[in-house]
Amino acid sequence: MSSFRERFHDYMAERRRRRARLVTKDGRCNIEYGNIHYTRHFAFLADFWTTFVEIRWRFVLFLFIASFTLSWFIFGLLWYWIARSNGDLAWQNPSPDHSPCVSNVVGLATAFLYSLETQTTIGYGGRAITPVCPGAIALIIIQSLIGAVINCFLCGVILAKISLPKKRAKTITFSEMAVICPRNDSLCLSIRVANLRKTLMIGSQIYGKLLRTTTTPDGETIIMDQVSIDFMMDAGNDNPFFVCPLTLYHIIDKSSPFFEMAVDNIHNQDFELVVFLDGTAESTSSSCQVRTSYIPHEFMWGYNFMPIISRSKEGKYRVDFSNFAKVVPVATAHCSYCYHNIKGHHHHSTLGCENQGFEVIEIDDPPNVTKM
């Protein structure tokens, strides 16, 4: 029972952390709009193309089936009305020399079949229009045009949904955890990002926003106050060569909002770090944005990512994604103030957070990091 209570407590804590996020790990915005005036909903109808592209697939498939079926049935009723007006139906007992508007349309079922065959351009040869009724000629022109419009619109919606840039964003992945450790003679917050496809992301830009609740000197509480977080890369910040996983790092200095945090209080803070990656897919030339977020429980103080890039004896570069989420403990100061002001005070605290959800390997010697 005690283990069950612990698992239930961990489950509820994880649910609370998920609800507290503004941006989920897969990039969806967890926000709810309320008290929108009903007349504002007409704006979504005015921008109907974006509305159709953004709705869920289940609704797109329902609209696809319903629009065709409904149009076939409505025009089937019109063909039935034309046949009835001309006396073509079987219950009207037409004379043997009677000239029908549409041959072999003698009831509602045959009128529906003729409507379907007309709009789908299927001709079975059993039913055909005759030049007797001008109204029937006008109706077949109208149905053909409306059927072409429905075909073009729905096929365009499906093609647009399939080729949405956010589908390309699914192949860009961030590390589940962020680490804090020394890097290049500075205390840095590091995040790892990888492109799972060999096609490049052109013109990539990576930046972050720190979301927190602050209180102004006037006593005003600002919810979701945004602070810009600059990330750097060893490969350069301008148009990085995103062909292999990159490690992003933010220098924690006196100008950083993380400067006042320490290993023993970072998990008690109330903030969310949202990381953005903007770029253009090389294969489709479509712009996309990848988002993820980190809350205080996803920061690991005193750990660093394991090397992921190596070179084989044949001279080929190899990316080992099994090490993408693995970290190792490193000597790190207890706080940013200690790192910058107390020389030699760079030891890993025993109060540091555990490696949640990742595999930590024990290494006797420092790993050989391959730098490109």
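These legends accompany close-up views of a predicted model.

**View 1. The chain as a whole.** Let's start with the overall picture before zooming in. The predicted chain has 372 residues, and 37% of them are buried. Its secondary structure consists of 8 helices and 15 strands. Taking contacts between residues at least 6 apart in sequence, 65% join residues at least 24 apart.

**View 2. The disulfide of Cys101 and Cys133.** Here we look at the 1 disulfide counted in the model. A disulfide, in general, is a covalent bond between the sulfur atoms of two cysteines. In this view the partners are Cys101 and Cys133, with 1.7 Å between their sulfur atoms. This pair links distant parts of the chain, its two cysteines being 32 residues apart. Cys101 sits in the loop between α4 (57–85) and β1 (102–103), while Cys133 lies in the loop between β2 (128–129) and α6 (134–162). If you follow the torsion about the S-S bond, you will find -65°, a left-handed link. Both Cys101 and Cys133 are buried.

**View 3. Cys335 and its accessibility.** Is Cys335 buried or exposed? Its relative accessible area is 15%, and because the cut-off for buried is under 20%, Cys335 is buried.

**View 4. Helices α4 and α5 in contact.** Two packed helices are described by the angle between their axes and the distance between the axes. For α4 and helix α5 (residues 108–119), the axes come within 8 Å and cross at roughly 125°. On the α4 side, the contact is made by residues including Phe68, Trp72, Phe73, Phe75, Trp79 and Tyr80. From α5 come, among them, Leu108, Phe112, Tyr114 and Leu116.

View 5. How many nonpolar, polar and charged residues does the contact of α4 with α5 have? There are 12 nonpolar and 4 polar residues, and no charged ones. Gly76 and Ser71 of α4 take part in this contact, as do Ser115 and Gln119 of α5.

Key
Residues are numbered from 1 along each chain as its sequence is written. This is a predicted model: local features need pLDDT of at least 70, side-chain atom pairs count only at pLDDT 80 or more; totals for chains, interfaces and linings use all residues. Side-chain values use heavy atoms; hydrogens and water are left out. A disulfide is a pair of cysteine sulfur atoms within 2.5 Å. Helices (H or I, at least four residues) and strands (E, at least two) are DSSP runs, numbered from the N terminus. Buried means under 20% relative accessible area, exposed over 50%, partly exposed in between (1.4 Å probe, protein chains only). Axes are lines fitted to C-alpha atoms, for helices over the stretch in contact, and angles run from 0 to 180 degrees between N-to-C directions. Contact means heavy atoms within 4.5 Å. Ala, Val, Leu, Ile, Met, Phe, Trp, Tyr, Cys and Pro count as nonpolar, Asp, Glu, Lys and Arg as charged, and the others, Gly among them, as polar.
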